[in-house]
Every structure is written in structure tokens, then in C-alpha cells.
Amino acid sequence: MERRHFLFTAGAIGAALAARPRGAFAADLRTVKLGVGLKAMSPIVINLAIGEVLGYAKEEGLALNVLALGTNGNVQVAVDRGDVDVGVGVPSFGLPLLAKGEWKTSKNFYQYTYPYKWDIAVSPDSTVTSYEQLKGKRIGVSDFGATDYPVTRNVMRTLGLDPDKDFKWIAVGNGVPAGVALQRGAIDALAYYDTGFGQIEAAGIPFKLVPRPAKLPLVGGQFLETRVQTLESQRAVMVGVGRTVCKASQFILANPKAGAQAFLRMYPETAPRGSTQEAAVAAVLQAISRRIKLYEPPYAGAKMGSINVQELKTEAEMNDFKISDYSPFYTNALIDDINDFDLAKVRQQARDYK
């Protein structure tokens, strides 16, 4: 990482870490800082956040403080330096380092969202009906440091297209601004993720999704990661973090509306300006409706949070990465303990939540 970018990254992380934690954490709880690659809190990470307000973190002796660090790169730096205890890990950032033999500090231990969560949208009157027809077009992405950019490039590569020569990529921002860019014709298409499209829909901006290619690769899962040293010395804490997220995910699946209500109790500032409580809940529900389908693994018999190495192998092959050993990148050693809780009790709590 070049010095100027490192200093910018360090400054962004420092500003986020200096922010006052939400609420006063009890002195007898172990505070865990969890970094996410967002510029501001969003329903996209609802299952990482609401375990705190639902009491799941407290049941593990933890106080979970979710911090928006700006980009996935910032999160990786923060995890590796120990500025946060846990961060969101993405293969598009980590696999290139693993291929170079430079991935040594951290390890992914829980998959909180499974593939595939990205699409490409065009304006309602567009004649584009396939990804191949986007050749020569301007494609917007939320940010070059976000996952929508590298994942969409990979998909285009599998279709025989050159992502560097065949398209012009434009960063258009997150949420509604991305939709406005498409609506006003600043871009020809928008490559974005599920909850982002939900926010655009909630804002009343029309678009249509380009049909996905056949045999879309299962790549782009998102993980919880921590330092190897932390994983070894504080295993019970990491199990507690994973179990908190796992319970929250099951809670949302059992009652999405209750999940939305819990999120807004934690982050009331994320509600649309001037909206009623009912409208705010509806907006969150619309944003997460696609994402919650991806909380559970798409593999028969797999436990929630378990990591399928084939996803990593597929993404590496798409990028011509030569990786012989994926064991430094992930572990499933905590999954059985993470899933060791009363699922029926969580589902009942979700049904009863008001």
C-alpha cells in the first residue's frame, strides 16, 4: 500500500474508532469492535448489528460495537493492525494476497452472507437484455473499494469480455445517489448489490434488472474475520461474536419486520427523513428483502456460517490466481459451537417482538 493511501486509510480508521460508541456499554462486558466497509451504517449489515439490541451479545458476555470504516481495504488494515477485533472479510481483497503468499495475519471464521448478491440494472426504457450487450457502455458501481466492482468484472471476464477495455467504470456512490445517476443518464447501467437496489426501489426510482447469465458462479460471499492470534487466544469471544450474528440472522429470517424494527431502534438516523415509523420499517424491509435469502448456505446439510472452500477456488480461478492451500484464509473450526443455541427460542422471540 503506497504511503499516501496508507495515511488516508489510517486517518479514516482513526476517525471511525474515535467516534463515541452507541450507548453506554456495561463495565462487566467485553467490548468487541466490529469493522464494516461502509461510509455510514446501513441495513446491509443488519444481521451484524442487531444482536446488540436484542441482547444476544450480552448473553455471550459481549458488547458489540459496529463501526463504519469506509471501505473493505480500511477494514482489512484495521483487522491486521488490531484496531478492531473483527472485520468483514471479502475474497476479492484477500485472495490476491493469499496468491502472493502475503496473507498471514488474519483468518475468516464465519460466512454471514452467501453468494450471489449482485445484479446489473438499466433504465426501464433500455433495450439491453444481456450482459454482453453492455459492451462499450458506462457501468456505474458504488465505489471502487466495494465488492460490486471486482465481482462484476469477474463475471464479465467469464463471458469472454475484457473488463478493462470493453467498459467504462464510474463510481457513483451508495444508495439513492447511485439510482439517481442511472435515472439521469450519467451511466448506462448500474452494477450493485441486493440491499442497495432495495434502497433505490424504496426511493421510487424506476429500473429493471438485466437477466443474469446462465451458470452464474457462486462467488463473493462475505465473512467475519479476525487476527489469527486473536482466534487462538480468544476463541470463546470469537464464538460469541459468531453466535450473536447467527442468532440475529435466524431472528430476521423468522420475522423480517421485527428485524427492521430492531435495526431502527439502534440506528434511528438511517430512517428516511420525515418518514413515519411505519414507513421507516417498510423502507428497511424493502432494502433487506433480497439479502435475507442469502443468510443460509445454499448447500444441503451445511450449518449456518460454514465456509465452502469451492467458492474461494472458483473466484481464484476466475482471476488466474495460483493458490495451492486455502487453509490460511479460513476455518470452520468454530461453526459447531456457534450454532449451539436454542433455535426455537430465537424464532419465538422474533415472533413475539414488538
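Analyst: Rings of Phe, Tyr and Trp (for Trp, its six-membered ring) are taken as a pair if their centres lie within 6.5 Å, with planes under 30 degrees apart called stacked, over 60 edge-to-face and the rest tilted. By that criterion, F144, Y149, F167 and W169 are linked by ring pairs into a cluster. This is a predicted model, in which local features need pLDDT of at least 70 and side-chain atom pairs count only at pLDDT 80 or more, while totals for chains, interfaces and linings use all residues. Residues are numbered from 1 along each chain as its sequence is written, and side-chain values use heavy atoms, with hydrogens and water left out.

The structure holds 11 aromatic pairs. One of them joins F197 and F207 in a tilted arrangement, 5.3 Å centre to centre and with 35° between the planes. Because F197 belongs to helix α8 (residues 194-202) and F207 to the loop between α8 and β9 (208-209), this pair ties together parts that are 10 residues apart in sequence; helices (H or I, at least four residues) and strands (E, at least two) are DSSP runs, numbered from the N terminus. F197 is buried at 1% relative accessibility, and F207 is buried as well at 17%, where buried means under 20% relative accessible area, exposed over 50% and partly exposed in between (1.4 Å probe, protein chains only).

F251 and Y353 form an edge-to-face pair, 5.5 Å centre to centre with 85° between the planes. This pair links distant parts of the chain, with F251 in helix α10 (residues 235-254) and Y353 in the segment after α15 (343-352), 102 residues apart. F251 is buried, with a relative accessible area of 0%, and Y353 is also buried, at 19%.
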